[in-house]
Amino acid sequence: MSGQSGLSKRIKAARELRGVVQEALGAACGVTRAAVGQWEAGTSAPTMDKIEPLCEALDVDPVWLLTGKHGDRDKTNGQVGVGMVYIPEYDVRVAAGGGFVVTEETKRDVWPFSRSYIENQLRLSTSQLVIVEVQGDSMEPTLRSGDRVLVNLADKRVSQPGIFVLWDGDGTVIKRLEIVPNSKPLKLHRISDNPLHGSYKVPASETIIIGRAVWHARRM
């Protein structure tokens, strides 16, 4: 039991240092969040076929994970996986168009990022980031259908204009938002970067902001 207890503590320590939620780690290993919770509680242990994906997801050496001794991958003087963070991608497409109704929100992938880039360059907290896919053309050329967007769930400040993922009453969309000056009650200007799509003003009370888009990726 003592070896399993040590393994459990190392799994939890590495996961928390990485900023990976249990659901995302489970998805990377092909198990449920509950299974990861059992690993960390010491009530069960990962089978050997799960060790490799577990180490890949946490970027730790298998020798360290299983024994607590440093192997080839971990050269950080006892700090586990300080170089990378893993951000979950949700199986939710945000519409750059007329809206896309979310019927199921599940994690479908995990993206590795440099911790230094996220924290020092983007200046973001890793625990509040998710990735979603854009669908539609209303935000072209800024965002294209199929782009992946990094969303900061902690930033809902429309006082600073930007591109936000939001619920518009019909579906989850991605739009540029600005406050309409001197509007009482407060109104927001929802802007499509594609001039072929309309922009419009709506009461702020009709918009549920999910988070600010802070980064995107696309195929060249």
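**View 1. Residue N194 lies in the loop between β7 and β8 (200-203).** Strands (E, at least two residues) are DSSP runs, numbered from the N terminus. N194 counts as buried because its relative accessibility is 8%, where buried means under 20% relative accessible area, exposed over 50% and partly exposed in between (1.4 Å probe, protein chains only). The side chain of N194 reaches the backbone nitrogen of L196 at 3.0 Å. Leaving aside residues up to four places away in sequence, N194 touches D137, S138, M139 and E140; a contact means heavy atoms within 4.5 Å.

**View 2. Strands β5 and β6 form a hairpin.** Strand β5 (residues 162-167) runs antiparallel to strand β6 (residues 172-179), and six bridges join them; two strands pair if DSSP finds at least two bridges between them. I163 has R176 in β6 as its bridge partner. Four residues lie between the two strands, and G169 in the turn has a positive phi of about 100 degrees.

**View 3. Strand β6 also pairs with strand β7 (residues 187-191).** This pairing is antiparallel and comprises four bridges. E178 has H189 in β7 as its bridge partner.

**View 4. Residues 72-82 have pLDDT under 50 throughout.** pLDDT is the predictor's confidence in each residue, from 0 to 100. For residues 72-82, the model has 21 contacts beyond four places in sequence. The protein chain has a mean pLDDT of 83, and 86% of its residues reach 70 or more.

**Notes to all views.** This is a predicted model, in which local features need pLDDT of at least 70 and side-chain atom pairs count only at pLDDT 80 or more, while totals for chains, interfaces and linings use all residues. Residues are numbered from 1 along each chain as its sequence is written, and side-chain values use heavy atoms, with hydrogens and water left out.

Conventions. Polar contact = N/O pair within 3.5 Å; in protein donor to acceptor, adjacent residues only side chain to side chain.
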